[in-house]
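Me: I would like to learn how to read a structure such as this one, feature by feature. Could you take me through it with care?

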Amino acid sequence: MRRILTFLKIFRYDLVVMLIALRHRDTPRRVKGLLALAILYLVSPIDLIPDTIPLVGILDDAVIVPAAVCGLTHMLPGHVRHYAEDQADRVMRYVPVMMIVASLVVLTWLGLIAYGLFKLFFD
């Protein structure tokens, strides 16, 4: 389980690096295009292994997309990658705070929905 969590942390960092690098003007178009293809593959209903097969169907998405993002970070020019990693380090410092704020927002919305449903059916 520890290996999986470590992998997810590394992937999260690489994903942030790639998203920051996309905004940089010196990022090659082929990297931008290949990242777009990886994201399209993730949301596409057409997969190498159908999602109807339990656990194995999700496995191809869980392997191909992180591998593509990791490979694309190595295709970035050195100065773009360095810039994106510096910015990602700054962003990653605030991830715990962002997660707490996002959780509070979601809990507030769920509370408002529950309150509205209670008022709708019991008043």
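Me: Where in the protein is confidence lowest, and where is it highest?

Reply: Confidence is given as pLDDT, the predictor's confidence in each residue, from 0 to 100. In this predicted model, helix 1 (residues 2-23) has the lowest confidence, at a mean of 76, and helix 5 (residues 95-122) has the highest, at 92, while the mean pLDDT of the protein is 84, with 91% of its residues at 70 or more. Helices here are DSSP runs of H or I with at least four residues, and strands are runs of E with at least two, numbered from the N terminus. Because the model is predicted, local features need pLDDT of at least 70 and side-chain atom pairs count only at pLDDT 80 or more, whereas totals for chains, interfaces and linings use all residues. Residues are numbered from 1 along each chain as its sequence is written, and side-chain values use heavy atoms, with hydrogens and water left out.

Me: At what angle do the axes of helix 2 and helix 3 cross?

Reply: Two packed helices are described by the angle between their axes and the distance between the axes. Axes are lines fitted to C-alpha atoms, for helices over the stretch in contact, and angles run from 0 to 180 degrees between N-to-C directions. The axes of helix 2 (residues 29-43) and helix 3 (residues 56-75) cross at roughly 170° and come within 10 Å, which makes the two helices roughly antiparallel (over 145 degrees; under 35 is roughly parallel, 65 to 115 roughly perpendicular, and the rest oblique).

Me: Which residues meet there?

Reply: Contact means heavy atoms within 4.5 Å. From helix 2, residues including Leu-34, Leu-35 and Ala-38 meet a set in helix 3 that includes Ile-64, Val-65 and Ala-68.

Me: Is Val-80 buried or exposed?

Reply: Buried means under 20% relative accessible area, exposed over 50%, and partly exposed in between, with a 1.4 Å probe and protein chains only. Val-80, which lies in helix 4 (residues 78-92), is buried, because its relative accessible area is 0%. Leaving aside neighbours within four places in sequence, Val-80 is in contact with Ala-21, His-24, Asp-26 and Thr-27. Of these, His-24 is placed in the loop between helix 1 and helix 2 and is also buried, at 16%.

Me: And is Trp-109 buried or exposed?

Reply: Trp-109, found in helix 5, counts as exposed, because its relative accessibility is 55%.
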